[in-house]
Amino acid sequence: MIPSIRHWLRGDFARHALVLGSGTALGQLIMVAVTPLLTRLYTPTDMGLFGLFANFLAVASVAATLRLDFAVATTSSPDSALRLLALSLLICPVASVALSALLYVLIREDVFAYGLLPVWTVPLCAAALIATGCFVALRYWHVGRDTKTVRPITCETGVLPRAHGSALF
């Protein structure tokens with residue numbers, strides 16, 4: 001058992017794990033460093049409204065593609081994967097508009113304090129849900145295109161230090 005662990009620690013696995021872990025730690029440190037600036041720019045009410053909007057997006061983005069994106073990655077043939085991708089991309093705008101309409105009703109009826117959100121967040125929600133749904137569907141299509149080869153996955157970060165698809169931070 002010990003020799004196999006040493007083998008893992010000497011190979012590329014340990015180096016890749018170290019790069020991934022240090023990148024995650026660096027992203028967290030950047031957020032900790034920026035937090036005092038954010039608390040000076042935005043009031044607690046603004047942060048709460050952003051949290052309310054981000055949480056709605058996090059829950060609604062799961063339904064934007066009706067989770068057909070998971071099926072895209074697991075199909076056995078590329079033809080069926082392409083058809084599921086097309087169906088997922090067709091469903092995404094329709095589901096996003098329906099979910100944005102739900103947000104409008106929640107704002108108008110002041111359900112669960114969504115009445116505090118301004119009405120202009122409804123079209124913003126639709127755009128964010130469409131973008132998130134299309135990204136997720138295309139990501140799973142790319143991951144599941146071939147079942148025989150392992151492709152390297154690379155990630156480049158720009159302004160945003162974390163890679164969560166449903167929120168800015």
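A: Ala128 lies in helix α6. Helix α6 spans residues 121-143. (Helices are DSSP runs of H or I, at least four residues; strands are runs of E, at least two; both are numbered from the N terminus.) The model is predicted: local features need pLDDT of at least 70, side-chain atom pairs count only at pLDDT 80 or more, and totals for chains, interfaces and linings use all residues. Residues are numbered from 1 along each chain as its sequence is written, and side-chain values use heavy atoms, with hydrogens and water left out.

Ala128 has 23% relative accessibility and counts as partly exposed. (Buried is under 20% relative accessible area, exposed is over 50%, partly exposed is in between, with a 1.4 Å probe and protein chains only.) Ala128 sits 8.7 Å from Ser61, C-alpha to C-alpha. In sequence, Ala128 and Ser61 are 67 residues apart.

Thr121 is also found in helix α6. Thr121 is buried, at 4% relative accessibility. A polar atom of the Thr121 side chain lies 2.6 Å from the backbone oxygen of Pro118. (A polar contact is a pair of N or O atoms within 3.5 Å; within protein, one must be able to donate a hydrogen and the other to accept it, and residues adjacent in sequence count only if both atoms are side-chain atoms.) Leaving aside neighbours within four places in sequence, Thr121 is in contact with Phe53, Leu103 and Ile107. (Contact means heavy atoms within 4.5 Å.)

Next, the loop between α5 and α6. Tyr114 lies in this loop. The structure holds 1 aromatic pair. Phe56 and Tyr114 form it, edge-to-face, at 5.9 Å centre to centre and 75° between the planes. Phe56 lies in helix α3 (residues 44-63), so the pair ties together parts that are 58 residues apart in sequence. (Rings of Phe, Tyr and Trp, the last by its six-membered ring, pair if their centres lie within 6.5 Å; planes under 30 degrees apart are stacked, over 60 edge-to-face, the rest tilted.) Phe56 is buried at 7% relative accessibility. Tyr114 is buried as well, at 11%.

The structure holds 1 salt bridge. The side chains of Asp79 and Arg83 form it, at 3.4 Å, N to O. (A salt bridge is a side-chain nitrogen of Lys or Arg within 4 Å of a carboxyl oxygen of Asp or Glu.) Asp79 and Arg83 are 4 residues apart in helix α5, so about one helical turn separates them. Asp79 is partly exposed at 43%, whereas Arg83 is exposed at 59%.
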